[in-house]
Amino acid sequence: MKQSMARRSSRLLVLVAGAAALLAVAAAVAVPPTCERIECPAYEVVDSANGFEIRRYTDAMWVSTAAIEDISFVAATRTGFLQLFKYIQGKNAYNETIEMTAPVLTEVSPSDGPFCASSFVVSFYVPAKNQADPPPAEGLRVRRWAGARFAAVRRFGGFVADADVGEQAARLDASLQGTRWAAAVNEGQAASYVVAQYNSPFEFSGRVNEIWMLFDGAKVGSHVN
Ligand SMILES: *[C@@H]1O[C@H](CO)[C@@H](O)[C@H](O)[C@H]1NC(C)=O
């Protein structure tokens, strides 16, 4: 009798612990569904609050275009995407085909060029299989994300239009004000930010995009190292 009661209460404890674990997972924004189908870079959620998530990304290789000057985010991303798509289809020094990954990153920086152009760098994450030796390619750069790569992230849906980019970045910036991340993000951002897109142009529903502001986590203090 006593034993069965003990067993029942221990079963109850397991249930309670399970529910608590589920709640803890639900507090962070779920990983984009695309990443259940294709490979995405690994990250850990360090903090999340209303309107933003703070992530720590694993040190990894990315392949990037040269800077593309354009007045349109959408046009520059398309230009860069096509170069990188040819790269993964085998237009590289090893003639090697590489698996598609997500997200497609577009780094946006203001440029001193004419007509209010901005400068865009488009990047693909190199899949784990090719991390040790990504093929070089003419006109592209294979880069390592060095050091403490933290990102303040805001998620939004739909097809990204030119007008969305600045607006979503401003909203992310506003949501960070008054938090312990604000100073480090401001410093790391250096007037540029990144748009991450997780879906192909042929997917019309459930599209996931994010604004990332990259920063050095070491600047925030030892409790995040
Ligand atoms: C890649 O393909 C080109 C054209 O077919 C060929 O000339 C070159 O030798 C190939 N390179 C490698 C590393 O296989």
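I began with Ala183, which counts as partly exposed because 13 C-beta neighbours lie inside 10 Å; by the definition, a residue is buried with 20 or more other C-beta atoms within 10 Å of its own, exposed with 12 or fewer, and partly exposed in between, the C-beta atoms being placed from the backbone. I noted that this is a predicted model, in which local features need pLDDT of at least 70 and side-chain atom pairs count only at pLDDT 80 or more, while totals for chains, interfaces and linings use all residues. Residues are numbered from 1 along each chain as its sequence is written.

I then placed Ala183 in helix α4, residues 182-189, where helices (H or I, at least four residues) and strands (E, at least two) are DSSP runs numbered from the N terminus. I looked up its distance to Val220, 37 residues apart along the chain, and found 8.2 Å between the C-alpha atoms.

Next I turned to the loop between α2 and β5, which holds Asn95. Asn95 has a phi near 50°, a positive value in a residue other than glycine, and Asn95 is exposed, because 8 other C-beta atoms lie within 10 Å. Pro103 also lies in this loop, between α2 (73-88) and β5 (104-110), and a cis peptide bond with omega of about -5° joins Ala102 to Pro103.

Last, I looked at the whole protein, which has four helices and 10 strands, and in which buried residues make up 30% of the 225 residues.
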